[in-house]
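Student: I have a protein model open and would like to go through it step by step. Could we begin with the overall layout?
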Amino acid sequence: MIKKVIPFIILVVVLIVGFNAYKSSVQEDFNDISHEEVNRIGESYTGIYHRPGCPKVQGDTVKAQRIEFENNKAAKDAGYAPCKRCKPDED
Ligand SMILES: [Zn+2]
């Protein structure tokens with residue numbers, strides 16, 4: 001009788017572990033999204049950094065000239081100035 005129950009218990013354990021792994025991977029996705037929101041994009045040829053949604057950075061900027069920064073401080077430390085249009089240094 002016990003031997004018949006063991007595979008069922010293993011199945012339940014696997015399901016719980018799998019669900020937790022799935023849950024934490026989904027949570028990481030959410031973290032990535034909020035992380036992207038604080039990202040700043042610098043333009044290497046102008047020395048100005050923007051919010052990702054700024055129309056100036058979405059237009060004619062060549063992708064190779066874009067540098068991603070984690071936050072305002074990282075952009076300023078690299079010598080970039082905030083864009084006057086999207087004002088990335090104001091929240
Ligand atoms: Zn901008």
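Tutor: The protein chain has three helices and four strands. Helices (H or I, at least four residues) and strands (E, at least two) are DSSP runs, numbered from the N terminus.

Student: In what pattern do they follow along the sequence?
Tutor: Along the sequence, the protein chain reads α-β-β-α-β-α-β. This is a predicted model, in which local features need pLDDT of at least 70 and side-chain atom pairs count only at pLDDT 80 or more, while totals for chains, interfaces and linings use all residues. Residues are numbered from 1 along each chain as its sequence is written, and side-chain values use heavy atoms, leaving out hydrogens and water.

Student: What is the mean pLDDT of the protein chain?
Tutor: The mean is 80, and 79% of the residues reach 70 or more. pLDDT is the predictor's confidence in each residue, from 0 to 100.

Student: Which element has the lowest mean pLDDT, and which the highest?
Tutor: Helix 1 (residues 2-37) has the lowest, 70, and strand 4 (residues 81-82) the highest, 96. Over residues 31-37, pLDDT stays under 50. For that stretch the model has two contacts beyond four places in sequence, a contact meaning heavy atoms within 4.5 Å.

Student: Let us change topic. Where is asparagine 39?
Tutor: Asparagine 39 lies in the loop between helix 1 and strand 1 (40-43).

Student: Is asparagine 39 buried or exposed?
Tutor: Asparagine 39 is buried, because its relative accessible area is 9%. Buried means under 20% relative accessible area, exposed over 50%, and partly exposed in between (1.4 Å probe, protein chains only).

Student: Which residues does asparagine 39 touch?
Tutor: Leaving aside residues up to four places away in sequence, asparagine 39 touches His50, Pro52, Glu68, Phe69 and Glu70. The side chains of asparagine 39 and glutamate 68 are also joined by a polar contact of 3.4 Å. A polar contact is a pair of N or O atoms within 3.5 Å; within protein, one must be able to donate a hydrogen and the other to accept it, and residues adjacent in sequence count only if both atoms are side-chain atoms.

Student: And how many salt bridges are there?
Tutor: The count comes to one salt bridge, that is, a side-chain nitrogen of Lys or Arg within 4 Å of a carboxyl oxygen of Asp or Glu. The side chains of aspartate 77 and lysine 73 form this bridge (2.8 Å, N to O).

Student: Why are aspartate 77 and lysine 73 separated by about one helical turn?
Tutor: The reason is that aspartate 77 and lysine 73 are four residues apart in helix 3 (residues 72-77). Aspartate 77 is exposed, with a relative accessible area of 57%, and lysine 73 is exposed at 57%.
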